[in-house]
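Here is a short briefing to read beside your model. Keep the viewer open and follow the points topic by topic.

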Amino acid sequence: MQITTAMSCTMLDDTKAFDRMKYCKLFRCLMSRKLPYVILRLLYNMYTNHVWVVWNGIQSRWFGVLNGVKHGGVLSPVLFCVYIANVAQSNVKCYTGLMFLGALAYADDVVLLAPTASAMHKMLHICEEYALNFSVKFKLSKSKCVVCELHSKLKPSNFNHSLSFTL
C-alpha cells in the first residue's frame, strides 16, 4: 500500500441532476446491477406512467414523462448514485483501508478523490466523457477543488502551488 503526501479532492455540482436523468440509461444501469425483475418493473411503472400536475387548484391534462426522477423522492438520490456510478470505474486508486473512495455521490453532488494531480486530471476527463454520454451537466461555478498535503518536519514541502484542473 502506498501512502501519498498530497491528495486532490474535487467537488462537482450536477445542474438539474434529477431532471436530466435519461430513463433508458438509468434502467440499463439498474439492470446491470442484476436487480430482481419485479423491482425493475415496479420502478419502470413508477417513473414512466402518465402524470398530471396540480397548480393553484387547477389540474393539467395527463402527459408522459420521458426523463428525470421525482424531486423530494426517497429513491431519487439513490437512483442518481446508480446513474453516476460508472464515473467511479477508472483505474485511479484511492482507498481508505480496503474501501475504494475515488468517487462519492449523493443527490446532485459528486466528490472525486485522487492521490495525485495526474490521477485527478484522468478522473475529470472520465467525468467529461460521462457527462456527454449521460446528459450530465456540471455547474462549474459551484464546483471546487481542494489539494491536501501531508507536511513533514523532516523534509521541505515541494508541492506545486500552480496546479490547475479543468472540466
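**Around V78**

V78 counts as partly exposed, because its relative accessibility of 46% lies between the 20% limit for buried and the 50% limit for exposed residues. Please keep in mind as you read on that this is a predicted model. V78 has its place in helix α4, and that helix, residues 76-84, turns up again below in a contact with α2.

**The chain as a whole**

- The secondary structure of the chain comes to 5 helices and 8 strands.
- Read from the N terminus, the order of the elements is β-α-α-α-β-β-α-β-β-β-β-α-β.
- The chain has 167 residues, and 31% of them are buried.
- Take the contacts between residues at least 6 apart in sequence: 69% of these join residues at least 24 apart.

- V78 and Y106 are separated by 28 residues in sequence, while their C-alpha atoms are 7.3 Å apart in space.
- R20 and V136 are 116 residues apart in sequence, with a C-alpha to C-alpha distance of 6.7 Å.
- R20 sits in helix α1, which spans residues 17-20.

- Strand β6 (residues 103-106) and strand β7 (residues 109-114) run antiparallel and are joined by 4 bridges.

**Helix α2 against helix α3**

- Helix α2 covers residues 23-32 and helix α3 covers residues 37-48; the two pack with their axes 11 Å apart, at an angle of about 165°.
- Why do α2 and α3 count as roughly antiparallel? Their angle is about 165°, and angles over 145 degrees count as roughly antiparallel, so α2 and α3 are described that way.
- The crossing in which α2 passes α3 is right-handed.
- On the α2 side, Y23, F27, L30 and M31 take part, and they meet L40, L43, Y44, Y47 and T48 in α3.
- Sorted by class, this contact of α2 with α3 holds 8 nonpolar residues, 1 polar residue and no charged ones.

**Helix α2 against helix α4**

- The axes of α2 and α4 come within 9 Å and cross at roughly 85°.
- Angles of 65 to 115 degrees count as roughly perpendicular, and α2 and α4 are therefore roughly perpendicular to each other.
- Which residues of α2 meet α4? They are K25, L26, C29 and L30, and their partners in α4 are L79, V82 and Y83.
- The contact of α2 with α4 divides into 6 nonpolar residues, 1 charged residue and no polar ones.

Note on methods
Residues are numbered from 1 along each chain as its sequence is written. This is a predicted model: local features need pLDDT of at least 70, side-chain atom pairs count only at pLDDT 80 or more; totals for chains, interfaces and linings use all residues. Side-chain values use heavy atoms; hydrogens and water are left out. Two strands pair if DSSP finds at least two bridges between them. Axes are lines fitted to C-alpha atoms, for helices over the stretch in contact, and angles run from 0 to 180 degrees between N-to-C directions. Angles under 35 degrees count as roughly parallel, over 145 as roughly antiparallel, 65 to 115 as roughly perpendicular and the rest as oblique. A crossing is left-handed if the near helix is turned anticlockwise from the far one by less than a right angle, and right-handed if clockwise. Contact means heavy atoms within 4.5 Å. Ala, Val, Leu, Ile, Met, Phe, Trp, Tyr, Cys and Pro count as nonpolar, Asp, Glu, Lys and Arg as charged, and the others, Gly among them, as polar. Buried means under 20% relative accessible area, exposed over 50%, partly exposed in between (1.4 Å probe, protein chains only).
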